Amino acid sequence: MVQMTKNIFKITAILGFAAISLSSCSKENPPLVYFPDMYFPVAYDPLMKAKDAYSDHENEIPAFVKNNGATGLSPVNGTVAQNKDGVADEAMNTAMTPDQYNGGYDASKLVTVSPLNPANQAKDIERGKLLYNQACAACHGTGGDGQGPIVASGAYVGVPNYADRQVTVGSVHYVITNGRNAMGSYAGQLKPGDRWRVAMYVMNAFKGGIAPAAPADAAPATDAAPAASASVSTSPKK
């Protein structure tokens, strides 16, 4: 009798566990959802208005509501992106005045040396080439002549030839970060260190080379570097 009772308990437990498992795995009748944001993951498109994936209501996340539903939000003022290269670039969402913008560009021309570790110069230039071909060559051309495929197609004009421009590694970095004339900022596409790498590649490939790598114990940048860096931004507005 005792053995039979134990068997009944075992069978009941097995059947109960199977029933719970099958019902919880059913797609037709999902279990109670406590955190719908976790159960229905949403991949927000920054170019579209944010909506809840699990209801017909407008998205009520305060940051999105404040921006009329936009999901492409700017960094918080004062924040600094991941900085493994040791090149801080503090987020500054306030707009620069024309004087500040032009003054920063003029100051950047005095910067002739990258602040990156000079011991890694060869590797930095090689990575700069890769990033240039990915992000810049479509307009500027693989030869830096301003005749990339977009320009050659006639869709866009006015891209200068680097050979005709008076630039330095600092001014190229400034334009990549803040934009200039018809070119917009690429601060959202390239990390702070990578912007310097692209600038180094431009100078090395199209402007006759860059300053040779300095000894490891030497200062990596000129005294003008802080002045130029102070006016750059991860999300500039002009």
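## A buried loop residue

In this predicted model, Leu116 counts as buried because its relative accessibility is 5%, below the 20% limit for that class. Leu116 belongs to the loop that runs between α4 (98-108) and α5 (121-135). Although 81 residues separate Leu116 from Arg197 in sequence, their C-alpha atoms are 8.4 Å apart in space.

## One side of helix α4

Helix α4 has buried and exposed residues. Tyr101, Gly104, Tyr105, Ala107 and Ser108 are the buried ones named here. These residues lie on the same side of α4, because they cover an arc of only 165° around the axis. Pro98 and Asp99, on the other side of α4, are exposed.

## Nonpolar cores

The largest nonpolar core contains 22 residues. Those with the most contacts inside this core are Tyr132, Val169, Val172, Trp196, Val198, Val202 and Phe206. At least two residues of the core come from each of α5, α8 and α9 (192-206). Helix α9 gives the most, with eight residues.

Apart from this core lies another, made of five residues, including Met96, Tyr101, Tyr105 and Val175.

## Thr177 in helix α8

Helix α8 covers residues 169-178, and Thr177 lies within it. Is Thr177 buried or exposed? Its relative accessible area is 0%, so Thr177 is buried.

The side chain of Thr177 takes part in two contacts described here. It reaches the backbone oxygen of His173 at 2.9 Å. The side chain of Thr177 also forms a polar contact of 3.3 Å with the side chain of Arg195.

Side chains of opposite charge can pair when their charged atoms come close. How many salt bridges does the structure hold? There are four salt bridges in the structure. In one of them, the side chains of Asp85 and Arg197 meet at 2.7 Å, N to O. Asp85 is in the loop between α3 (62-66) and α4, whereas Arg197 is in helix α9, so this pair ties together parts that are 112 residues apart in sequence. Asp85 is partly exposed, as its relative accessible area is 29%. Arg197, at 9% relative accessibility, counts as buried.

Arg197 also forms a salt bridge with Asp124, with 2.9 Å between the closest N and O atoms. This pair links distant parts of the chain, since Arg197 is in helix α9 and Asp124 is in helix α5, 73 residues apart. Both Arg197 and Asp124 are buried.

## A further bridge and the network

The side chains of Arg127 and Asp194 also meet in a salt bridge, at 2.9 Å, N to O. Arg127 lies in helix α5 and Asp194 in helix α9, so the pair ties together parts that are 67 residues apart in sequence. Arg127 is partly exposed, with a relative accessible area of 36%, whereas Asp194 is buried, with a value of 8%.

Which residues are linked in a network of salt bridges? The network links Asp85, Asp124, Arg127, Asp194 and Arg197.

## Aromatic pairs

A pair of aromatic rings is described by the distance of the centres and the angle of the planes. The structure holds six aromatic pairs. In the pair of Tyr132 and Tyr201, the ring centres are 5.4 Å apart and the planes stand at 55°, so the pair is tilted. Tyr132 is in helix α5 and Tyr201 in helix α9, so this pair ties together parts that are 69 residues apart in sequence. Tyr132 and Tyr201 are both buried.

Tyr162 and Phe206 form a stacked aromatic pair, with 5.6 Å from centre to centre and 5° between the planes. Tyr162 lies in the loop between α7 (149-152) and α8, and Phe206 lies in helix α9, so that the pair links distant parts of the chain, 44 residues apart. Tyr162 and Phe206 are both buried.

Ring pairs join Tyr132, Tyr162, Tyr201 and Phe206 into a cluster. Leaving aside neighbours within four places in sequence, Phe206 is in contact with Tyr132, Thr142, Gly143, Gly144, Tyr162 and Tyr201.

Terms used:
Residues are numbered from 1 along each chain as its sequence is written. This is a predicted model: local features need pLDDT of at least 70, side-chain atom pairs count only at pLDDT 80 or more; totals for chains, interfaces and linings use all residues. Side-chain values use heavy atoms; hydrogens and water are left out. Helices (H or I, at least four residues) and strands (E, at least two) are DSSP runs, numbered from the N terminus. Buried means under 20% relative accessible area, exposed over 50%, partly exposed in between (1.4 Å probe, protein chains only). A polar contact is a pair of N or O atoms within 3.5 Å; within protein, one must be able to donate a hydrogen and the other to accept it, and residues adjacent in sequence count only if both atoms are side-chain atoms. A nonpolar core is a set of buried Ala, Val, Leu, Ile, Met, Phe, Trp, Tyr and Cys residues joined through side-chain atoms within 4.5 Å. Contact means heavy atoms within 4.5 Å. The arc is that of the directions from the helix axis to the C-beta atoms. Rings of Phe, Tyr and Trp (its six-membered ring) pair if their centres lie within 6.5 Å; planes under 30 degrees apart count as stacked, over 60 as edge-to-face and the rest as tilted.
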